[in-house]
Amino acid sequence: MTEQSPALDNLLTESRTFPPSEAFSAQANATADFYAEADADREAFWAKQAERLHWETKWSQVLDWTNAPFAKWFVGGKLNVAYNCVDRHVDSGHGDQVAIHWVGEPGDSRDITYAQLKDEVSKAANALESLGLEAGDRVAIQMPMVPEAIVAMLACARIGVLHSVVFGGFSPTALRSRVDDQAARIVITTDGQYRRGKAAPMKANVDEALEGAESVEKVIVVRRTGEEVPITEGRDIWWHELVDGQSAEHAPQAFDSEHPLFILYTSGTTGKPKGILHTSGGYLTQAAYTHHNVFDHKAGEDVYWCTADIGWITGHTYIVYGPLANRTTQVVYEGTPNTPHEGRHWEIVQQHKVSIYYTAPTLIRTFMKWGNEIPQKYDLSSLRVLGSVGEPINPEAWIWYRENVGANSAPIVDTWWQTETGGIMISPLPGVTATKPGSAQKALPGISAKVVDDQGVEVGKGGGGYLVLDKPWPGMLRGIWGDEQRFRETYWSRFADQGYYFAGDGAKYDADGDVWLLGRVDDVMNVSGHRISTTEVESALVSHPTVAEAAVVGATDPTTGQGIVAFVILRGNAVDGGDEAVQELRNHVAKEIGPIAKPRQILVVQELPKTRSGKIMRRLLRDVAENRQVGDVTTLADSSVMDLISSGLKSGK
Ligand code: 6R9
């Protein structure tokens with residue numbers, strides 16, 4: 001377990017617990033008996049949760065696990081996901097309720113009611129069908145946080161087309177590999193996007209990505225910034241020209257519960273991203289159930305805000321599917337948190353009386369850095385539940401969040417889950433759990449997680465090991481797009497004897513049996529809550545003509561959780577390892593993958609530490625990157641290498 005020990009440093013320094021107030025518990029959606037109810041009959045429990053959706057045809061079997069690890073949930077059931085997220089609320093008389101308070105970065109805004117959302121989604125669905133799209137086809141979406149992005153996702157869902165949202169910050173190369181992998185027929189984008197007070201191009205990125213892309217027939221462009229963009233005749237269409245004139249009537253067809261809903265790419269331990277596949281009925285059930293209970297959401301009363309981007313799973317499940325299935329009124333914000341000033345989020349909370357706020361530890365730590373006086377300037381008294389996701393939250397940030405944002409009373413839910421799990425898996429339940437700063441605590445009712453040792457045996461209280469999910473759950477991934485072998489190997493081979501899903505995270509139980517997440521145990525880094533594989537960054541570095549070899553590690557970073565530190569060996573003739581060369585390499589990585597993958601630091605070295613079998617020992621490099629004494633070097637092929645690296649760095653070579 002030494003491999004992931006850095007994250008341990010800031011844990012267990014806070015021993016207070018925070019029980020819910022009686023007033024909160026009295027009104028909470030979740031109650032303590034959920035755990036026993038789910039344990040008594042897990043499938044009956046999930047069947048009850050599925051009842052919160054509208055099924056065109058009811059299922060005949062809750063779970064079919066006979067073809068494990070490929071699960072089928074709500075077998076035989078039929079539903080339309082978009083109908084459940086939109087039309088249903090209009091049909092039940094809530095058409096005038098605001099679904100989305102959209103806030104643009106430059107200060108423009110739009111309120112969209114459920115009735116309006118229904119019209120928009122129906123028109124967009126008609127538009128996509130007019131282009132010949134059929135159920136099972138794939139559409140890639142690279143867009144900023146504009147309402148059309150959500151409309152586009154729901155329009156795809158409505159006609160049974162799989163969407164694959166690619167984060168707006170990803171490079172043309174990254175977009176292209178995702179488009180090719182799924183053979184997307186259509187790409188939807190915007191002319192540009194507002195970031196940090198300026199309009200930046202977006203379509204240009206897509207144009208570059210799609211040069212020679214064979215599968216793509218059309219590119220649909222939403223006008224956002226109004227800047228001039230080149231139009232490729234016959235391929236590009238403006239969203240407003242295509243969608244606005246369509247009929248607002250569109251009959252939703254019911255699809256099988258296991259009909260694919262979307263693909264979302266995430267970093268794995270190799271350079272090639274994995275297309276995580278999710279399906280309809282089980283995913284939506286878990287999205288709605290968790291959103292209702294973990295955030296204690298009350299339809300028509302709460303104003304909810306999840307600050308994620310739709311390019312990540314959190315945006316999928318907790319901006320689009322969960323909240324809309326539960327008839328949420330939510331804030332969607334387009335821009336960066338410090339544009340035009342560092343109080344932007346709190347200003348929005350105050351203006352819209354946000355009551356549930358869900359964000360990431362990296363942003364909380366950034367708020368801390370900006371200063372307590374900023375949130376204090378605003379009226380945050382509407383906030384009653386706070387959430388955290390993306391990486392372990394250090395107790396210091398947790399306490400700051402509680403004191404400065406939650407007025408010392410709002411329960412904080414630290415939610416552990418993954419792109420692969422589809423929805424929240426481990427989290428306190430507000431109104432039920434006495435929360436502990438830094439711990440995600442307990443698998444939700446209906447979910448089962450364990451911390452096991454190398455052999456797959458559950459460790460005792462106080463023990464540490466690997467986090468596994470030992471029972472199937474409705475929102476689980478149904479595979480990796482086009483790569484069954486990789487699906488089995490990545491998640492199901494590590495504890496094949498037991499049939500456990502291996503999450504890739506280290507974890508421990510405390511004396512009460514609560515779970516503490518300790519960070520990844522594989523070669524995946526977590527930078528500001530974004531998963532980036534070391535191999536991905538290494539491949540980008542060695543693709544530069546001056547680099548002979550590269551090794552990348554995630555080093556503890558006070559703001560971003562981890563920061564990317566690269567060690568590179570330059571080619572013989574590229575002797576200049578000065579600042580300019582390093583800057584050039586950093587930019588090269590940003591161009592190849594995206595700015596989020598830009599190394600914090602690049603160190604030019606003469607040698608890399610390797611085992612006799614040639615495996616780079618990242619553990620030792622992490623010691624260097626974190627200014628620690630270098631650990632055990634006995635398995636190195638050449639044990640003097642670390643001295644060479646350390647002395648080279650000290651002398652500035
Ligand atoms: C939802 C999301 C998944 C990885 C996961 C873990 C880390 C997420 C966490 C957390 C500790 C939490 N992670 N939430 N670690 N506490 N509350 O982030 O999905 O982008 O796929 O990342 O993020 O390491 O394995 P994804």
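Predicted model: local features only at pLDDT ≥ 70, side-chain atom pairs only at ≥ 80, totals over all residues.
Me: Hi! Where is the place of Arg-196?
Reply: Arg-196 is in the loop between strand E9 (192–195) and strand E10 (198–201). Strands (E, at least two residues) and helices (H or I, at least four) are DSSP runs, numbered from the N terminus.

Me: Thanks. Back to Arg-196, what is its phi?
Reply: Arg-196 has a positive phi of about 50°, although it is not a glycine. Most residues other than glycine have a negative phi.

Me: And is Arg-196 buried or exposed?
Reply: Arg-196 counts as exposed because its relative accessibility is 56%. Buried means under 20% relative accessible area, exposed over 50%, and partly exposed in between, with a 1.4 Å probe and protein chains only.

Me: Which other residue has a positive phi although it is not a glycine?
Reply: Gln-441 is one, with a phi of about 75°. Gln-441 lies in the loop between E20 and strand E21 (449–452). Gln-441 is buried, because its relative accessible area is 2%.

Me: How many residues of H19 are buried?
Reply: Helix H19 (residues 618–625) is mostly covered, with 8 of its 8 residues buried. Among them are Arg-618, Arg-619, Arg-622 and Asp-623.

Me: Okay, new topic. Which residues are closest to the ligand?
Reply: Asp-414, Thr-419, Asp-505, Arg-520 and Arg-531 are the closest of the 17 residues that surround the ligand. A residue is near a molecule if one of its heavy atoms lies within 4 Å of it.

Me: What does Thr-419 do there, in distance terms?
Reply: A polar side-chain atom of Thr-419 lies 2.5 Å from an oxygen atom of the ligand. An N or O atom in the side chain of Arg-520 is 2.7 Å from a ligand oxygen, and a polar side-chain atom of Arg-531 lies 2.7 Å from an oxygen atom of the ligand.

Me: How much of the ligand does the protein bury?
Reply: The protein buries 97% of the 530 Å² that the ligand exposes when taken alone. Those areas come from the Shrake-Rupley method with a 1.4 Å probe.

Me: Which elements give two or more residues to the shell?
Reply: They are helix H11 (313–325), strand E20 (412–415) and strand E25 (515–520). The shell residues divide into 6 nonpolar, 6 polar and 5 charged. Ala, Val, Leu, Ile, Met, Phe, Trp, Tyr, Cys and Pro count as nonpolar, Asp, Glu, Lys and Arg as charged, and the others, Gly among them, as polar.

Me: Now the rings. How many aromatic pairs are there?
Reply: There are 36 aromatic pairs. In one of them, the rings of Trp-473 and Tyr-501 have centres 5.3 Å apart and planes at 80°, so this pair is edge-to-face. The pair links distant parts of the chain, 28 residues apart: Trp-473 is in the loop between strand E22 (464–469) and strand E23 (479–480), and Tyr-501 is in strand E24 (residues 501–509). As for the rule, rings of Phe, Tyr and Trp (its six-membered ring) pair if their centres lie within 6.5 Å; planes under 30 degrees apart count as stacked, over 60 as edge-to-face and the rest as tilted.

Me: Is Trp-473 buried or exposed?
Reply: Trp-473 counts as buried at 1% relative accessibility, and Tyr-501 counts as buried at 0%.

Me: Last one: what does the side chain of His-588 contact?
Reply: The side chain of His-588 makes a polar contact with the side chain of Ser-543, at 2.8 Å. A polar contact is a pair of N or O atoms within 3.5 Å; within protein, one must be able to donate a hydrogen and the other to accept it, and residues adjacent in sequence count only if both atoms are side-chain atoms. His-588 is found in helix H18 (residues 579–592) and is buried, with a relative accessible area of 14%.

Methods:
Residues numbered from 1 in each chain as written. Heavy atoms only, no water.
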